Amino acid sequence: MEDHHIKVDLLQLLDDNRLTVAQGTSDKKNLLFVVGKSSAVEKLEEFASSCADRINLKIVTVENLSLVASKGSLFNAILLGFGEDDNSSSDLSLIPTYTSLLIGGGMLIAKTIVGIENMLVKRMKLCGFLDVAMSKSIPGIVTGNMPTYKVGTSDKVTLNPETKENVISAWKLDANNSETISEDDLLEADDLKKPDTSSLRVCATTKKAKACKDCTCGLAEELEANRLKDTAKPDTSNAKSSCGSCYLGDAFRCASCPYLGMPAFRPGEKVQLSGNLLQDDL
């Protein structure tokens, strides 16, 4: 990584970026030099005085930057890192502050350490600078421009009266031509049927059509009765033993035997199972 303290012809740099005017011209650009150390102010002041007829130059240290911002001053360009042993451009957290000090279309010119220019380029783009680029002629120089508008600015929009009338008429509803939809046409036959009152029954505790754990209002019994009513009863008339020992009694029956719990019977005897034998007890 190279040293960033490269000698730069400041006046030539300002000329190249059209920040100076011809001698004797009154419409001079307002420039702000931001330096990291107060020791760099003296040499920059010498430079400012030598070209005072071509630019209006103000110098401020980083620690006093907030004072300039509080006064609401705006500048055509801000230059960073051009002081002696200056690394003010490495403080990327100050980039948003510079955006508030520049006029619309204003320029930020920063001199940073050669090799890390990409970090500054990325930060400037994130803060809203346009046309951010590294200088091809001077190593370590990064430039960027603010948009031509300022955040929060406004302007009055005047509409052509004829155009305004056309826009308004396009949104008018003509009672004779407008098509309306009857609300009854949106309803289907099933929407008009009254719900079964039994389906509206809810538990007083859960407020839902589901009985609570210790239901005492009768909803649990009612739901169980409806479930049993809708459950098909198993046909046990032709039940056959898969092991051949069902008739001997529970001691010889398997765990899933449908005759489990019934007394022994003679082989071939027809045994009728009760309707709820295969239903859960719970």
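Rings of Phe, Tyr and Trp (its six-membered ring) count as a pair if their centres lie within 6.5 Å; planes under 30 degrees apart are stacked, over 60 edge-to-face and the rest tilted. By this rule, there are two aromatic pairs here. The model is predicted, so to speak of local features takes a pLDDT of at least 70, side-chain atom pairs count only at pLDDT 80 or more, and totals for chains, interfaces and linings use all residues. Residues are numbered from 1 along each chain as its sequence is written, and side-chain values use heavy atoms, with hydrogens and water left out.

Here are the pairs:

| Pair | Centre to centre | Angle between planes | Type |
|---|---|---|---|
| Phe 33 and Phe 47 | 6.4 Å | 65 degrees | edge-to-face |
| Phe 33 and Phe 82 | 6.4 Å | 75 degrees | edge-to-face |

Phe 33 sits in strand β1 (residues 29-35) and Phe 82 in the loop between β3 and α4 (95-101), so their pair ties together parts 49 residues apart in sequence. Helices (H or I, at least four residues) and strands (E, at least two) are DSSP runs, numbered from the N terminus. Phe 33, Phe 47 and Phe 82 make up one aromatic cluster. Phe 33 is buried at 1% relative accessibility, where buried means under 20% relative accessible area, exposed over 50% and partly exposed in between (1.4 Å probe, protein chains only).

Now to Cys 203, found in the loop between α6 (161-170) and α7 (219-230). With 2% relative accessibility, Cys 203 is buried. Cys 217 lies in the loop between α6 and α7, and is partly exposed at 38%.
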